[in-house]
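Subject: Handover of the structure and notes on what it contains

Dear colleague,

I am handing over the structure we spoke about, and I would be grateful if you could read the notes with the coordinates open beside them.

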Amino acid sequence: MGVGVRRIVPLTLGWEDLPKSVSVEGAPERERLREPVPGVLLECDGGWLLLDTGFNTALITDLALRRRYHGDPAIQPVLPGPGEPLGEALAGAGVDMADIHAVAVSHLHNDHAGGLKHFVGRVPVHIQRAELDYGMSAPPGPGGSPEGSPEKNGIYRVDFDDPRIDWRIADGDGEIAPGVTAVLTAGHTPGHQSFVVSLDESVGGGGFVFAFDAADLTENIDREVAVGGRINAGPEVSVEQIRKLKRIAAARGYRLVPGHDPVAWPALTAELAASAVRGQP
Ligand SMILES: [Zn+2]
C-alpha cells in the first residue's frame with residue numbers, strides 16, 4: 001500500500017434551486033430541490049488538493065452578467081454569503097488558499113469550474129482532455145452563443161479560458177496525487193471525471209468514491225437511474241457510469257458519494273468533521 005490521503009474536508013460552496021429532473025431522468029418537472037454545490041479538500045502527501053471550485057461569484061453578483069449567465073429562472077444559484085464562498089469555506093476548514101498545491105475539476109459546469117480564477121498561474125489543474133476540448137469549443141466572445149453550444153449547456157468559457165492556467169490534461173483514468181485516482185465518467189458532460197480517494201493507514205484506511213455529477217443524488221445510485229443533465233449522451237451512458245462507480249466502490253469497500261445530494265452531502269460533511277479523517281492525527 002502506498003501513501004494515502006490523511007484528511008477529507010467536504011465543502012459546500014453554495015446551492016442551486018432547480019427542477020429535480022436535472023438530477024434524475026424522468027422526475028416531474030414541477031418537483032424542485034435545493035442542492036448543495038460541492039467541493040472536496042484532500043490532504044495528500046505533498047499538500048492540499050482541491051476537487052472542484054464552485055461558482056464564479058462575479059457572474060452572480062453583477063446583475064448584468066447574471067442576466068446573461070444565470071438568466072434561466074428554472075435554475076438559480078444561491079451563494080452562502082456576500083464574500084467568496086471558496087475563501088470562506090477554506091477559512092472554515094483552517095486552510096489558506098495559498099496552502100492548496102493542486103486543483104482538479106470533475107467537469108467545466110459553472111458550479112464546479114467557477115472558482116478556477118483563484119488558481120491561475122499558481123497550481124496545476126487536472127482535467128480530462130475531452131472536457132477541455134468541449135469547453136474550448138464555445139464562442140470566445142460575448143454575443144455568439146448558438147443553441148447547443150457549451151454556454152447553453154452551463155459551461156462558461158470565461159471560467160477557464162485563461163492562458164495562465166497550468167492544465168494537467170488526462171486521457172482517461174489515472175492517479176493525480178498519492179491516494180487520489182481520477183476516473184473518466186463521461187456522459188453528464190463529454191469529459192466528466194469522478195475521483196477515487198484512498199485514506200492512509202494512519203487514519204484507518206478505507207476510502208470514498210466521489211461521483212460528482214456522474215451521480216447527483218443517492219437516488220441515482222440506489223435506483224441506477226440516469227442523471228437528467230447530459231451532453232451528447234443518452235440515459236444509458238449515464239447509467240453505465242453509475243454502475244462503473246458502484247463496481248469500483250464495491251471492489252475496494254469504499255463508499256460512493258453522490259455530488260449534489262441535499263441530505264447525503266451535509267451528512268457526510270458532519271460525519272467527517274467528527275472523525276479522525278477530518279481531525280487530529
Ligand atoms: Zn454538472
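The notes below begin with the metal site and then turn to the surrounding residues, the cavities and the backbone.

Please keep in mind throughout that this is a predicted model.

The metal site

The zinc ion is held by four residues, namely His 107 through NE2, His 109 through ND1, His 188 through NE2 and Asp 213 through OD, with distances of 2.1 to 2.2 Å. The angles subtended by the 4 donor atoms run from 88 to 175°, and the arrangement is therefore classed as irregular. Along the sequence, the donor residues follow the spacing H-x1-H-x78-H-x24-D. His 109 sits in the loop between β5 (100-104) and α4 (110-113), whereas His 188 sits in the loop between β9 (180-184) and β10 (193-198), so this pair ties together parts of the chain that are 79 residues apart in sequence. Both His 109 and His 188 are buried.

His 107 also belongs to the loop between β5 and α4, and its relative accessible area of 0% means that His 107 is buried. The side chain of His 107 takes part in a polar contact of 2.8 Å with the side chain of Ser 106, and in another, of 3.1 Å, with the side chain of His 109. If neighbours within four places in sequence are set aside, the residues in contact with His 107 include Asp 52, Glu 131 and Thr 189, and among them are also the zinc donors His 188 and Asp 213.

The loop between β9 and β10

Thr 185 is placed in the loop between β9 and β10, and it counts as buried because its relative accessibility is 1%. A polar contact of 2.9 Å links the side chain of Thr 185 to that of Ser 194. Beyond its neighbours within four places in sequence, Thr 185 is in contact with His 192, Gln 193, Ser 194, Ala 214, Gln 241 and Leu 245. His 192 is likewise listed among the contacts of His 107.

Cavities

How many cavities of 30 Å³ or more does a search of the whole structure find? The search returns 2, and the largest cavity has a volume of about 40 Å³. The lining of the largest cavity is made up of Leu 13, Thr 53, Gly 54, Phe 55, Glu 84, Pro 85, Leu 86, Gly 115 and His 118.

Backbone and exposure

Phe 212, although not a glycine, has a positive phi of about 50°; Phe 212 lies in strand β11 (residues 207-212) and is buried, with a relative accessible area of 1%. Asn 232, also not a glycine, has a positive phi of about 55°; Asn 232 is placed in the loop between α6 (218-222) and α7 (235-252) and counts as exposed, at 72% relative accessibility.

Finally, Gly 92 is part of helix α3 (residues 85-93) and is exposed, with a relative accessible area of 59%. The C-alpha atom of Gly 92 is separated by 25 Å from that of Leu 217, which is 125 residues away along the chain.

With kind regards

Definitions and conventions. Residues numbered from 1 in each chain as written. Predicted model: local features only at pLDDT ≥ 70, side-chain atom pairs only at ≥ 80, totals over all residues. Heavy atoms only, no water. Donors = N, O, S within 2.8 Å, 3.2 Å for Na, K, Ca; no water. Tetrahedral: all angles 85-135°; square planar, octahedral: opposite > 155°, others 65-115°. Helix = DSSP H or I, 4+ residues; strand = E, 2+ residues; numbered from the N terminus. Buried < 20%, exposed > 50% of the residue type's maximum accessible area, 1.4 Å probe, protein only. Polar contact = N/O pair within 3.5 Å; in protein donor to acceptor, adjacent residues only side chain to side chain. Contact = heavy atoms within 4.5 Å. 1 Å grid on protein atoms, 1.4 Å probe; cavity = no way out; pocket = protein on both sides within 12 Å on 5 of 7 lines; lining within 4 Å. Points joined across faces, edges and corners; volume = space filled by probe spheres on them.
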